[in-house]
Amino acid sequence: MAEALFPHALFLLFVLSNLGFHANAQARGTRSAFFVFGDSLVDNGNNNYLATTARADSAPYGIDYPSHRATGRFSNGLNIPDLISQHFGWEPTLAYLSPELSGQKLLVGANFASAGVGVLNDTGIQFVNIIRIYQQLNFFHQYQQRLSALIGREEAKRLVKNSLVLMTLGGNDFVNNYYLVPYSLRSQQYAIEDYVPFVISEYKKVLQRLYGLGARRVLVTGTGPLGCVPAELAMRSENGECSAELMKAAALWNPQLVAMLDQLNGEIGSKVFLAANTNQMHMDFISNPEQFGFKTSKIACCGQGPYNGLGLCTALSNLCSNRDEYVFWDPFHPSEKANKLIVQQILTGTNTYMYPMNLTTAMNIVDSRS
């Protein structure tokens, strides 16, 4: 699926608490939950219920998932939300459109993400039926109404306030919009130097809406090395070099995203949004895959054509035998092993990777915000 999920996962903005988070929540007599918004980097099956080509519900997706079956995750196994939940001992969130999400399962949280979406509504239009970001937020409001019916309005508000929220957007606004085709509409409207601040300004509105819905602990991912994914190498690279155009877009995006989040935190008066430099995390093992136990960071495990970067990952695609040797699972998305390395840096990384603190530190902060 044409989506810069892996790279796009890059600035993880976060706030809350680990084992400490739930311990602190229990000490205050409150519940907590986990909510996920964004694109295919974090979609865990919502698109299975939609008439769209942006789906990962058939083999070999899920080959290394505990059930060894495709679930809608764009991975050979676990994705970033799964690994965060696993680390903290939380029950995995269900896709919001799943019929299983009812009753006590609502207390765990929900995943609203939908492969193909971006910050802009015209991103991913080729996928037709996807849950665009404002519809995801509308579903979050609907979820809170359902939760209120289960545990009462005030308790529902407390649960949302004490929850962790993961937001992953941005990559598709480049690979599935601005750079999707030569002379795209957006590239005719904006030079890339003007397009980035435009999308950032729209992203700020999304995050303001999320805050208005009660989110107080937010993890945001920016975009990673967009020009280094196998799909872009297959289309744009002559000798395996990353696409300079897309790398320039990523270089513009990430600092402006951090600046916007700092501005938002200043306006709110609290560090609701914390940033993880997953772009640098990715570049570490893209630049030196062997150091991290990978055989290659250029060739996808599943795909076809140059770098296995063309088309979709299907049962007819080339498929590697050892997924742990590959940074990329398919033309756009990281392997489970790559996801594990990213999450480990989020948990324990230095200020090079986590700003202003890593997740382990943040998870032990007792929140007193209203």
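This is a predicted model: local features need pLDDT of at least 70, side-chain atom pairs count only at pLDDT 80 or more; totals for chains, interfaces and linings use all residues.
Glu193 counts as partly exposed, at 39% relative accessibility. The side chain of Glu193 meets that of Lys248 in a salt bridge, with 2.5 Å from N to O. The pair ties together distant parts of the chain: Lys248 belongs to helix 10 (residues 244-268) and Glu193 to helix 8 (residues 192-212), 55 residues apart. Lys248 is partly exposed as well, its relative accessible area being 40%.

How many salt bridges does a search of the whole structure find? The search comes up with 14. Among the residues involved, Glu232, Arg236 and Glu245 are joined in a network of salt bridges.

## A pair within helix 5

Let us turn to helix 5. Here the side chains of Arg158 and Glu155 meet in a salt bridge, at 2.8 Å from N to O. About one helical turn separates Arg158 from Glu155, because the two are three residues apart in helix 5.

Are the two partners buried or exposed, wholly or in part? Arg158 is partly exposed, with 37% relative accessibility. Glu155, on the other hand, has a relative accessible area of 15% and is therefore buried, the cut-off for that class being under 20%.

Another salt bridge brings together the side chains of Glu91 and Lys105, at 2.6 Å from N to O.

## The largest pocket

Now for the open spaces. The largest pocket has a volume of about 330 Å³. Its lining is made up of 15 residues, and those nearest the centre are Gln144, Ala156, Lys157, Leu213 and Gly214.

Which helix gives the most to this lining? Helix 5 does, with six residues. Helix 4 (133-151) and helix 5 (153-161) each contribute at least two residues to the lining of the largest pocket.

The lining of the second largest pocket divides into four nonpolar residues, seven polar ones and two charged ones.

Our last stop is Ala51, in the loop between strand 1 (34-38) and helix 3 (80-88). With a relative accessible area of 59%, Ala51 is exposed, since that class covers values over 50%.

What does Ala51 touch, leaving aside its neighbours within four places in sequence? Ala51 is in contact with Phe127 and Asn129. As for Val128, its C-alpha atom is separated from that of Ala51 by 8.0 Å, although the two residues are 77 residues apart along the chain.

Conventions: Residues are numbered from 1 along each chain as its sequence is written. Side-chain values use heavy atoms; hydrogens and water are left out. Helices (H or I, at least four residues) and strands (E, at least two) are DSSP runs, numbered from the N terminus. Buried means under 20% relative accessible area, exposed over 50%, partly exposed in between (1.4 Å probe, protein chains only). Contact means heavy atoms within 4.5 Å. On a 1 Å grid over the protein atoms alone, a cavity is a set of points where a 1.4 Å probe fits but cannot get out, and a pocket is an open set with protein on both sides within 12 Å along at least five of seven lines; lining residues have an atom within 4 Å of a point. Grid points are joined across faces, edges and corners, and a volume is the space filled by probe spheres set on the points. Ala, Val, Leu, Ile, Met, Phe, Trp, Tyr, Cys and Pro count as nonpolar, Asp, Glu, Lys and Arg as charged, and the others, Gly among them, as polar. A salt bridge is a side-chain nitrogen of Lys or Arg within 4 Å of a carboxyl oxygen of Asp or Glu.
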